[in-house]
Amino acid sequence: PGARLMVDLKRANREREEGRRALRLETGQRYLVLLRRDAARASGELPVFELVRGIDGVRELPAEGAPAVVDAVRQFVGVQDRKDEVGAWKSFREMLEATNPLLLETSLDLFLKFRRGDLSLLPVLRPVLDHPRPGLRVRASRLIGQIVEHRAEGEIPDDVGVLAELYGRARRDPSTEVRAAATEALGGIAGKGPEEILREIAHSDPEQSV
């Protein structure tokens with residue numbers, strides 16, 4: 001707080017991809033910026049920094065919820081700084097139970113991207129299927145689908161009712177995208193039970209994408 005520095009915005013704009021709008025930082029707006037110190041440069045007594053990743057190194061902070069964004073970034077930077085892969089995935093697993101939706105969203109994306117989900121995650125993912133944000137319900141449905149793919153119903157531990165909840169989302173979720181993701185997850189489970197539900201959905205859901 002109170003520190004002053006110079007950011008080389010001109011260089012970031014000069015090196016941006018053709019066709020992209022120039023970045024302008026507006027007075028009174030708060031930003032999250034990814035900076036690298038340019039040790040060879042200074043402007044008077046002020047240090048000079050360049051934007052890492054150019055104009056993509058700036059994110060406008062929302063008027064509401066800015067602390068949640070900053071908190072999420074701090075936690076992810078902390079995980080990265082440890083340079084411990086086992087510890088990192090343990091942290092990402094814990095973030096699946098976080099109340100901060102940015103932590104939850106990013107950890108779901110990481111488990112999906114690197115296919116790191118396993119059956120032990122199902123109890124953790126069950127509450128996410130009830131999340132008020134449709135995008136998080138979509139991600140949870142897709143991750144559950146990755147985990148249960150090519151398994152029969154009897155091979156999937158369901159002490160917390162995750163399959164029943166998934167069936168419910170496929171049939172009745174108000175979001176078309178959630179119903180489609182849940183239906184796709186059901187399509188990977190072997191057995192007559194999921195097939196009957198899929199047949200029912202095919203006849204009853206009004207959306208072609210489902």
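Colleague: At what angle do H4 and H6 pack?

Modeller: First, this is a predicted model, so local features need pLDDT of at least 70 and side-chain atom pairs count only at pLDDT 80 or more, while totals for chains, interfaces and linings use all residues. Residues are numbered from 1 along each chain as its sequence is written, and side-chain values use heavy atoms, with hydrogens and water left out. Helices are DSSP runs of H or I, at least four residues, and strands are E runs of at least two, numbered from the N terminus. Axes are lines fitted to C-alpha atoms, for helices over the stretch in contact, and angles run from 0 to 180 degrees between N-to-C directions. The axes of H4 and H6 are 10 Å apart, and the packing angle is about 30°.

Colleague: Which word describes how H4 lies relative to H6?

Modeller: Angles under 35 degrees count as roughly parallel, over 145 as roughly antiparallel, 65 to 115 as roughly perpendicular and the rest as oblique. With an angle of about 30°, H4 is therefore roughly parallel to H6.

Colleague: By class, which residues does the contact of H4 with H6 have?

Modeller: Contact means heavy atoms within 4.5 Å. H4 brings residues including Leu104, Leu108 and Phe111, and H6 brings Leu136, Ala140 and Leu143 among them. Ala, Val, Leu, Ile, Met, Phe, Trp, Tyr, Cys and Pro count as nonpolar, Asp, Glu, Lys and Arg as charged, and the others, Gly among them, as polar. That gives 8 nonpolar, 1 polar and 4 charged residues.

Colleague: Which element supplies the largest share of the lining of the largest pocket?

Modeller: Strand S2 (31-33), strand S5 (58-60), helix H2 (66-82) and H4 each supply at least two residues of that lining. The lining divides into 11 nonpolar, 3 polar and 5 charged residues. The largest share, 6 residues, comes from H2.
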